[in-house]
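Here are my notes on the model, as numbered points. Please read them with the structure open.

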Amino acid sequence: MDIPRPSCALLILIVLCLTQLTECMNGGKINFREKEKQILDQILGPGRYDARIRPSGINGTGDAPTLVRVNLYLRSISKIDDYKMEYSVQLTFREQWLDERLKFNNLGGRLKYLTLTEANRVWMPDLFFSNEKEGHFHNIIMPNVYIRIFPNGNVLYSIRISLTLSCPMNLKLYPLDKQTCSLRMASYGWTTDDLVFLWKEGDPVQVVKNLHLPRFTLEKFLTDYCNSKTNTGEYSCLKVDLLFKREFSYYLIQIYIPCCMLVIVSWVSFWLDQGAVPARVSLGVTTLLTMATQSSGINASLPPVSYTKAIDVWTGVCLTFVFGALLEFALVNYASRSDMHREMMKKTRREMETAASMDAASDLLDTDSNATFAMMRQCEVRMSPPRKNCCRLWMSKFPTRSKRIDVISRITFPLVFALFNLAYWSTYLFRDEDQEK
């Protein structure tokens, strides 16, 4: 049975009057929470919205891909592990896209957006972190996630997550190196024909102001695109490159200065008496073992790589200097025994020459005194000492070869070590960044 048109108009008028009367009884206030419920039931009700279907493209075109804009807020970077080549980061991840099926009346601008906490109620991009090793959401006290639906159909998805990401490192310049760690985000199932990720315009990545790392400094970060092609199609990809510079002061105090001190302590044996065998041996062996322990401790905290690192050059040369000081004492000990043997041979020879000279003196008494005087004059002229240069004159102050070896070592070892330091720091501190890659 059809209701006459005047009756329909009268019914609508009665409903409006009752609505106005209800608002007047409530003091003219609108219950926006009730309005939100009604709008959510209207746009997400059964048979109205299907979360399995992706939104249309620009201007409602079904053929164009859905554009999803991404931005990040880095809350903290807890660690950068050299051995495992990974780093951990906590961030707030946000995505924004347009879904025209979710448009609603904003009640004259008084309803800015609707908030959801269940991500499965609406369509979501299938983004994943391609270089992620581990990750988890935060659920204390409530799940740290929300979805905002704006009147024009824009959807904002925000979530707080913690990730452990792989970071392949080049340790050739360790610990004077810089490392670039990436954060890669890509679509898992939708190709670029259906879904495209874009960086949000204007400051897409933000970093907390008081970011402090124990052994690194975040110098800068760069955003870029990293689309990948596979057998199943081309997939949209975004990446953030974080450039970390290693703090050198820690390694200077913990590694470089102690190694220098060990090398200098090994030189003390050059100033000890060559007869102090226990002191020189114990000093050399102790510094050698300490240096070897220091080197093994450094390598224990680093992955076994096939190339030579800057720290390997330093510890290897320092270990060589300490070992050279120990070998120097072995050479001094051998030269000392040789000097003793030579001194005994000279003493025996002098005794034999003294006996022979006494026999010759008795024969000379019978010869003419003038002839003897002339021969002695000629011998004095012939036996005049040759001229010596400064080096030989200085070395002549140390009659034994063992003492000369010690004196030469006192000068040679520090001089060569100083030249090594000059070459080492010049090579690694002022190396071109292009050569580091």
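**Notes on the predicted model**

1. L198 makes contact with L67, V68, R69, V70, Y225 and L238, its neighbours within four places in sequence being left aside; contact means heavy atoms within 4.5 Å. L198 belongs to strand 9 (residues 195-199).

2. Residues are numbered from 1 along each chain as its sequence is written, and side-chain values use heavy atoms, with hydrogens and water left out.

3. The chain has nine helices and 14 strands; helices (H or I, at least four residues) and strands (E, at least two) are DSSP runs, numbered from the N terminus. Of the 437 residues in the chain, 34% are buried, where buried means under 20% relative accessible area, exposed over 50% and partly exposed in between (1.4 Å probe, protein chains only). Among contacts with a separation of 6 or more, 76% are between residues 24 or more positions apart.

4. S88 sits in strand 2 (residues 86-98). S88 counts as buried because its relative accessibility is 10%. The side chains of S88 and T164 are joined by a polar contact of 3.3 Å. A polar contact is a pair of N or O atoms within 3.5 Å; within protein, one must be able to donate a hydrogen and the other to accept it, and residues adjacent in sequence count only if both atoms are side-chain atoms. Beyond four places in sequence, S88 also contacts residues including S76, K79 and L163.

5. Which residues touch the most other members of the largest nonpolar core? They are Y87 and F93, in a core of 79 residues. Helix 5 supplies the largest share of this core, eight residues. A nonpolar core is a set of buried Ala, Val, Leu, Ile, Met, Phe, Trp, Tyr and Cys residues joined through side-chain atoms within 4.5 Å. Not counting residues up to four places away in sequence, Y87 touches, among others, I77, L163, C181 and L242.

6. The count of aromatic pairs is 26. Rings of Phe, Tyr and Trp (its six-membered ring) pair if their centres lie within 6.5 Å; planes under 30 degrees apart count as stacked, over 60 as edge-to-face and the rest as tilted. W314 and Y424 form a tilted pair, with 5.4 Å centre to centre and 55 degrees between the planes. W314 is in helix 5 (residues 310-364) and Y424 in helix 8 (residues 401-429), so this pair ties together parts 110 residues apart in sequence. W314 is buried at 0% relative accessibility, and Y424 is buried at 2%. Both belong to one aromatic cluster, whose members include F248, W267, F321 and F417.

7. Two charges sit over rings. The charged end of K172 is over the ring of Y307, 5.8 Å from its centre, and R410 lies over the face of W271 at 4.1 Å from the ring centre. The rule asks for NZ of Lys or CZ of Arg within 6 Å of the ring centre and within 35 degrees of the ring normal.

8. S266 is in helix 3 (residues 248-266) and is buried, with a relative accessible area of 3%. A polar atom of the S266 side chain lies 2.5 Å from the backbone oxygen of V263. S266 also touches T287, V322 and A325, residues up to four places away in sequence not being counted.

Key: This is a predicted model: local features need pLDDT of at least 70, side-chain atom pairs count only at pLDDT 80 or more; totals for chains, interfaces and linings use all residues.
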